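Work through the exercises below with the structure open beside you, and try each task before you read its solution.

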Amino acid sequence: RAKAAGRNGYVTFETAMKDRANARQQLEGELRQAILNREFDLYYQPQVEARSGRVIGAEALLRWRHPRRGFVPPSEFIPVAEETGLIEKLGEWVLKEAAAEAIRWPAPIKLAINLSPVQLSRGNLTDTVTQALRLSGLPPERLEVEITENVFLEDEVNNLAVIRQLRSLGVSVALDDFGTGYSSLSYLTRFPFDQIKIDKFFSMNLIERSDCATIVSSVITLARGLGISTVAEGVETVRQFELLREAGVDYFQGYLFGHPVPASALNFGAAHDITRITEVA
Ligand code: C2E
Ligand code: MG
Ligand code: MG
Ligand code: MG
């Protein structure tokens, strides 16, 4: 029986499923431990204004340094943290830690942090944000939260209410990874976003694919009409930067302007000379 099952693939499939479930479970345990052991760290990536070349903000990006496995990318552990609910604790830590850091940055440089849809649908996100602002002394105008299109998949009524509450605190709200998920342009009119972050997919394919360029320019036109600013993510080359700037993108984020770095390595000093920006390794 087992042999037969093996031949038609069931055993292998089952084994693979079990392996995956085990790996998940192990990761979940390690994630719990990691919170207690303080194995998390925040890196920050600068955001640059197209017009002036100045750094106007930085996005906090979570890093997990696993004692044995080394660096574990967010794409691996965030989904597990979301499924297990651990993202609430982790997200609260991110908010407080990043706000405490950002209060030391020269005003009016802004802090951007990522929120999981789970944080919006559960618990008391508005209270957590209020508390992080109060504890750090960071003015709400200097905080921006980034949410993905996934918030529209479930609990749309609640999530819309949470977004409104955050905005009424004075916090701005960005739509992250725009164009990758279940985006519908109508979300832009129904939800009160301050900013759209055009996903790195578009920056990276802009040159080879004319459809990407078409989408980017439509999004910019629409955003302008709605009074929403735009950021291009994943800008790595001068050519990409030039095309996006000509298309009318307001802000840039990507390796061309700076990799995510520890807070101590952030440099808010001199503006980038955007008329002669050059690639650095
Ligand atoms: P994201 O919010 O879209 O963040 C941008 C990602 O693009 C980061 O990946 C960043 O390192 C990467 N990136 C920036 N510039 C470039 C570039 O020029 N080229 C390329 N190839 N990549 C670039 P990272 O740090 O691995 O984070 C991945 C995702 O994990 C984030 O995407 C965000 O969705 C999530 N994430 C990170 N930190 C947090 C957090 O504190 N909370 C939550 N809920 N999610 C987080
Ligand atoms: Mg983001
Ligand atoms: Mg994202
Ligand atoms: Mg993004």
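The model is predicted, so local features need pLDDT of at least 70 and side-chain atom pairs count only at pLDDT 80 or more, while totals for chains, interfaces and linings use all residues. Residues are numbered from 1 along each chain as its sequence is written, chains are lettered from A and ligands numbered from 1 in the order in which they are written, and side-chain values use heavy atoms, with hydrogens and water left out.

**Exercise 1.** Describe helix H7, from its span to the elements that its buried residues pack against.

*Solution.* Begin with the term itself: helices (H or I, at least four residues) and strands (E, at least two) are DSSP runs, numbered from the N terminus. H7 covers residues 156-169, which makes 14 residues, and the distance from its first C-alpha to its last is 20 Å, close to the expected 20 Å at 1.5 Å a residue; the expected span is 1.5 Å times one less than the number of residues.

Next, sort the residues by burial, where buried means under 20% relative accessible area, exposed over 50%, and partly exposed in between, with a 1.4 Å probe and protein chains only. Asn 159, Leu 160, Val 162, Ile 163 and Leu 166 are the buried residues in H7. Seen down the axis of H7, these residues fall within an arc of 160°, so they line one face of the helix; the arc is that of the directions from the helix axis to the C-beta atoms. On the face turned away from the buried side, Val 157 and Ser 168 are exposed.

Finally, the buried residues of H7 pack against helices H5 (117-121), H6 (125-136) and H8 (185-190), and against strands S5 (143-148) and S6 (172-178). Just after H7, Gly 170 takes a positive phi of about 105°.

**Exercise 2.** Which residues of helix H3 are buried, and which exposed residues does the face turned away from them carry?

*Solution.* In H3, which runs over residues 74-84, Phe 77, Val 80 and Ala 81 are buried. Viewed down the axis of H3, they fall within an arc of 100°, so they line one face of the helix. The face turned away carries the exposed residues Ser 75 and Glu 83. Just after H3 comes Gly 85, with a positive phi of about 85°.

**Exercise 3.** What classes of residue line the largest pocket?

*Solution.* The largest pocket holds about 1000 Å³ of space. Its lining consists of 36 residues, and Glu 59, Leu 61, Pro 74, Asn 114 and Asp 176 lie nearest its centre. By class, the lining has 16 nonpolar, 11 polar and nine charged residues.

**Exercise 4.** Is Glu 146 buried or exposed, and with which residues is Glu 146 in contact?

*Solution.* First locate Glu 146, which is found in strand S5. Its relative accessibility is 1%, so Glu 146 counts as buried. Contact means heavy atoms within 4.5 Å. Leaving aside neighbours within four places in sequence, the contacts of Glu 146 include Gln 47, Glu 59, Ala 112, Asn 114, Asp 176 and Lys 197.

Now turn to Ala 112, in strand S4 (residues 110-114). With a relative accessible area of 1%, Ala 112 is buried. Its contacts, again leaving aside neighbours within four places in sequence, are Gln 47, Ala 58, Glu 59, Ala 60, Glu 144 and Glu 146.

How values were computed
1 Å grid on protein atoms, 1.4 Å probe; cavity = no way out; pocket = protein on both sides within 12 Å on 5 of 7 lines; lining within 4 Å. Points joined across faces, edges and corners; volume = space filled by probe spheres on them. Nonpolar A, V, L, I, M, F, W, Y, C, P; charged D, E, K, R; others polar.
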